[in-house]
Structure formats: structure tokens, C-alpha cells
Amino acid sequence: MIAQRTGTTALRRVAANPNAVFTSTFAKAAMSQMQTRQATTQKISATEARSILDAQRLNRPVSPHLDIYDKQQTFFGGSIWQRFTGSGLSGGLYVFGAAYLAAPLLGWHLESASLVSAFGALPFAVKSGVKFLVAWPFAFHAFNGVRHLALDLGMFMKRQQIVKGGWYIWGASLVSGLYLAFFL
Amino acid sequence: MASIARSSLLRQVATKPALQNSIIARAAFHTTAKRDLLPPLPQRVVGTVNDAAPVPPPSPSHGSYHWTFDRLVAASLIPLTVAPFAAGSLNPTMDAVLCATLLIHSHTGFQNIIVDYVPQYRTPRARKAAIWGLNAATVVVGLALYEYETSDVGITETIKRLWKA
């Protein structure tokens with residue numbers, strides 16, 4: 001395809017040169033024998049062209065999307081769990097704060113004394129379960145927060161360190177959560 | 001167990017064809033309905049293909065200063081959390097500082113979540129509602145924490161008493 005084109009260009013150049021008499025007659029004869037293809041084209045206005053292009057642009061893929069992430073590689077890496085645990089703890093604080101402020105209007109008792117007596121009346125398993133649901137996210141968020149601050153300073157950035165660090169955080173936070181919930 | 005084996009089998013099958021094909025195959029294989037997590041909004045065309053990407057005006061208070069401030073607040077929470085245990089006693093001022101820092105940390109954390117998942121260019125109204133809803137909630141919780149710190153025993157002491165209850 002390209003070789004053919006190169007030949008055509010050379011022939012055209014020769015044909016355009018009026019001084020080369022021999023070659024020009026030969027080239028013109030050769031050009032007259034070449035195949036030509038009449039392409040069917042259609043004149044469209046600029047706005048029509050724009051609308052066709054816009055229709056194509058609407059079909060472009062969306063990127064990035066949640067589908068592209070490999071769950072097994074990054075889901076337990078700790079970054080999104082930092083957000084899960086943090087929003088859980090902060091959400092709890094916000095809900096408690098709003099409820100505490102609304103308590104006098106609604107007739108609830110959320111003072112520390114009534115909270116402690118109500119919580120103390122629960123069976124040991126329930127108490128420890130609730131404690132674990134607070135202690136594990138707290139431990140995870142604290143340990144992983146320190147890890148993230150270290151990562152922000154450019155430390156532990158090797159691939160193996162990142163992968164291992166993520167699992168150490170899970171182990172340490174689960175052990176700490178169980179200790180805080182059941183043995184403290 | 002069955003689901004683990006199933007997914008690994010499917011992954012072997014799905015390595016060759018494109019992602020779209022594997023999704024279709026999985027959807028056809030499973031009997032439960034396929035639920036897209038946060039499906040993308042319909043696309044719309046803004047400007048021409050030759051427009052340059054808009055460059056936002058540089059704003060360190062929304063950029064690098066904000067980032068550094070976030071890290072300083074997060075780092076200062078470590079000594080504030082450890083202090084009552086290390087000292088063995090509780091200081092009301094320290095507890096109030098801990099509450100204020102926690103509130104700022106929570107507020108900027110929620111802000112980060114909104115900025116990440118409620119984009120300004122796709123959902124401007126939801127973005128505005130979320131940001132102002134968060135501002136209102138933070139004011140309410142700030143007031144509540146002030147009340148709790150001044151008229152009750154404080155956050156740290158409450159958690160201690162609950163833990164020993």
C-alpha cells in the first residue's frame with residue numbers, strides 16, 4: 001500500500017516537471033493507466049458534523065469505575081477500611097451528639113450516669129460484643145492512621161511492605177479489639 | 001465454599017475474553033439479580049473535543065495547606081488519645097481539646113468522603129446539599145460536645161465508666 005503510494009508520488013513529481021521531456025511523456029502515459037477510485041463523499045454542515053461527533057462521544061466508556069478494581073488486591077489493603085472505620089466512629093459520635101442535644105426535648109436520658117447503669121445491666125456477652133464493635137474500628141483506625149501518616153512521609157512504600165503492612169494492621173487491630181472488649 | 005470455587009473457575013474462563021464478555025457470562029451464570037454498585041450517571045457532552053481541559057485556579061487553602069492541616073490534626077490525635085492513659089489522670093481542658101480535635105478530624109474526614117463520591121461537575125445540587133448538611137451537623141455536634149463537656153463528665157470519663165460498667 002505504502003510502496004504503491006511512494007511510486008504514485010514519484011510519478012506525479014516527474015509528471016509535474018516540464019523539463020524532463022522523456023520521463024514526463026512516459027509518466028503521463030503510466031498515470032493514465034492507473035486505477036482511480038471515486039469515493040462517494042457527502043457534504044455536511046459544521047453543526048451536522050458536530051452532532052455526529054457528539055453522538056459518538058456519548059458512547060465513550062466511563063473511567064474509572066468500581067468495576068475496574070480487583071477486590072482481592074486492594075479491598076483489604078486498609079485504605080478503604082480506614083474510611084469505613086473512621087466514618088463508623090465519627091458517625092457514632094455525630095449521632096450521639098445530635099441525640100444528646102435533642103434528649104431534653106424528646107424526654108430521653110442520655111446522661112453518663114443513666115448510660116452507664118443501662119449498659120451495666122446488659123449480659124456479659126452483649127457488653128463485650130458492643131465493646132468489640134467500638135474497640136476494633138478504633139484500633140484499626142488508630143494503627144492504620146499511623147501507617148498512613150508514615151506512607152504520607154514516603155516511608156514503607158515498597159510493594160511487599162505495603163502488602164505485609166496491610167495484613168499486620170488487620171492482625172494487630174483484631175487482637176487489640178478482642179483484648180479491649182473481653183479482657184479490660 | 002461453593003462460591004469460592006465458582007469464582008476461581010470463572011476467573012480462568014474470563015482471562016481470555018474482554019471484561020464485558022466476562023460480566024455477561026457471570027450475569028448469565030448466576031441466578032440472583034446483578035446489582036451494580038453505584039452505576040455511573042448517563043454521559044453528557046460539554047463543549048467541543050478541541051476545548052482544553054479546564055484548569056482550576058490554584059488555591060493552597062483547598063489544596064496543600066488543607067492536606068497538611070488534615071495530617072497535623074490526625075497526628076495530634078495520637079498524643080491526645082494516649083495522654084490520659086500515660087498520665088493516669090484526666091484533665092478537663094485536655095478532654096475539651098481532644099473533643100475539638102476529634103470534631104475537626106471528623107468534619108474534614110466527612111468532607112473528603114463527600115468530595116470523593118459526590119462530584120461537583122456531575123451532581124452539583126447534591127454536592128451543595130451534602131456539604132451544607134455536614135456543616136449544620138458539625139455545628140450541632142459541636143454544641144452537643146460543649147454541653148457534654150461542661151454539664152456532664154466528658155467523653156473520656158464516660159467511655160471509661162462504660163467500659164468498667
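Predicted model: local features only at pLDDT ≥ 70, side-chain atom pairs only at ≥ 80, totals over all residues.
Author: Ser112(A) sits in helix H6 (residues 112-120) of chain A. Residues are numbered from 1 along each chain as its sequence is written, with chains lettered from A and ligands numbered from 1 in the order in which they are written.

Reader: What makes a stretch such as H6 (residues 112-120) of chain A a helix?

Author: A helix is a DSSP run of H or I with at least four residues, a strand is a run of E with at least two, and both are numbered from the N terminus. Chain A has 8 helices and 0 strands.

Reader: Why is Ser112(A) called buried?

Author: Buried means under 20% relative accessible area, exposed means over 50%, and partly exposed lies in between (1.4 Å probe, protein chains only). Ser112(A) has 4%, so it is buried. Of the 184 residues of chain A, 25% count as buried.

Reader: Which residues does Ser112(A) touch?

Author: Contact means heavy atoms within 4.5 Å. Not counting residues up to four places away in sequence, Ser112(A) touches Tyr148(B), Asp152(B), Val153(B), Thr158(B) and Arg161(B).

Reader: What makes the pairing of Ser112(A) with Asp152(B) a polar contact?

Author: The term needs a pair of N or O atoms within 3.5 Å. Within protein, one must be able to donate a hydrogen and the other to accept it, and residues adjacent in sequence count only if both atoms are side-chain atoms. The side chains of Ser112(A) and Asp152(B) pair at 2.6 Å, so the distance passes.

Reader: Is Thr158(B) buried or exposed, and what is the value?

Author: Thr158(B) is buried, because its relative accessibility is 5%. This residue lies in helix H6 (residues 155-164) of chain B. The side chains of Thr158(B) and Tyr148(B) make a polar contact of 2.7 Å.

Reader: What makes Arg161(B) and Glu157(B) a salt bridge?

Author: A salt bridge is a side-chain nitrogen of Lys or Arg within 4 Å of a carboxyl oxygen of Asp or Glu. The closest N and O atoms of Arg161(B) and Glu157(B) are 3.1 Å apart, so the pair qualifies. Side chains of opposite charge can pair when their charged atoms come close.

Reader: Why are Arg161(B) and Glu157(B) about one helical turn apart?

Author: Because they are 4 residues apart in helix H6 of chain B. Arg161(B) is partly exposed at 38%. Glu157(B), at 18%, is buried.

Reader: What joins Arg57(A) and Asp54(A)?

Author: A salt bridge, with the closest N and O atoms 3.5 Å apart. Both Arg57(A) and Asp54(A) are buried. They are 3 residues apart in helix H3 (residues 46-57) of chain A, so about one helical turn separates them.

Reader: What does the UniProt annotation say about Tyr117(B)?

Author: The unreviewed UniProt entry covers Tyr117(B) with "binding site". UniProt positions are given in the numbering used here, feature names are shortened, and annotations may be inferred rather than shown by experiment.

Reader: Why does Tyr117(B) count as partly exposed?

Author: Its relative accessibility is 46%, so it falls in the partly exposed band. Tyr117(B) lies in helix H4 (residues 92-117) of chain B. A polar contact of 3.2 Å joins its side chain to that of Arg83(A).

Reader: Why is His105(B) called partly exposed?

Author: Because its relative accessible area is 23%. His105(B) is in helix H4 of chain B. Leaving aside neighbours within four places in sequence, its contacts are His141(A), Val73(B), Ala74(B) and Leu77(B).

Technical notes:
Heavy atoms only, no water.
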